[in-house]
Amino acid sequence: MNIGIRLHDTIGTNLEEHLRSAHAQGFRCAHIALSKTIPGFSMKDAPALMTNELAATVRELLAKYEMQCAVLGCYLNLATPDEAELANTVECYKAHLRFAKAIGATVVGTETGAPNAGYKTCPECFTEEALQLFIDRLRPVVQYAEEVGAVIAIEPVCRHIVSTPERAKAVLDAIDPPNLQIILDTVNLLNMHNHTRMDELVAQSIDLFGDRIRILHMKDYQPVEGAEDVKSMACGTGMMNYTRLLAFAKAHPGLPMTLEDTVPDNAVAARQHLENAAK
């Protein structure tokens, strides 16, 4: 199985140290957030910072530590009402798509935002108007991904505009090119109102868009009494049933699965939990 990790959850103060740590812990693919692994990297300045020279350095480091970049993170808000912010955000996505192509990243990963400048959950997130706004804003980004030969993958989250498997399918139906794919993070679909339907949500996701799932994010969860959201945590430390997800991964050899919500002390145990569960 192709199990990786978010690099910023490993020990290190720069990209090479994080890659070295991930390699030493037995991971072979990674989710890279440049702003969290390269000192001084600012997302708002990404278009100017993501040079060919930096891409060459990252590509060399990935090869040195035998690591695949499964996800290059660009988690910005395409639904913002701030036109200046939107213009810069679109340029940041374009820069990440060019960079992803240059370093051999599988996808540029993103979530789906909220229709406000603060990227905050609000009732308007769940309207058809917000969904259409996101589709309209995403479409030119996907078109650019086609132009440069890269892939962008959206990650449904229960608190964001694309909050359910059905809304994710609506986006895929509206924007058909294969340069748009899905990151499936089941825990991000869960809250205190639906977590008992976890298996159903996994099955529904696979049924609706299984052929477009390019990455699995793997973590665990526990319900929290009195809260709106479940608490997410490292694999093997909660109540997540991985049977369907691991069966899907085994049916798609090489599919990257990147761990989330680990710390250096439990990352190896989380990886081993998945490996043992898949036997």
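I count a polar contact as a pair of N or O atoms within 3.5 Å; within protein, one must be able to donate a hydrogen and the other to accept it, and residues adjacent in sequence count only if both atoms are side-chain atoms. This is a predicted model, so I note that local features need pLDDT of at least 70, side-chain atom pairs count only at pLDDT 80 or more, and totals for chains, interfaces and linings use all residues. Residues are numbered from 1 along each chain as its sequence is written, and side-chain values use heavy atoms, with hydrogens and water left out.

**Lysine entry.** I looked up K219 and found it in the loop between β7 (213–218) and β8 (220–222). Helices (H or I, at least four residues) and strands (E, at least two) are DSSP runs, numbered from the N terminus. K219 has 6% relative accessibility, so it counts as buried (under 20% relative accessible area; exposed is over 50%, partly exposed in between; 1.4 Å probe, protein chains only). Its side chain makes a polar contact of 2.9 Å with that of N188. Leaving out residues up to four places away in sequence, K219 touches residues including D185, Y242 and E260 (contact means heavy atoms within 4.5 Å).

**Helix entry, α9.** I read L245, L246, F248 and A249 as the buried residues of α9. They lie on the same side of α9, because their arc is only 155° around the axis (taken from the directions from the helix axis to the C-beta atoms). Exposed T243, K250 and A251 sit on the face turned away from that buried side. The buried residues pack against β6 (180–184), α8 (198–209), β7, β10 and α10.
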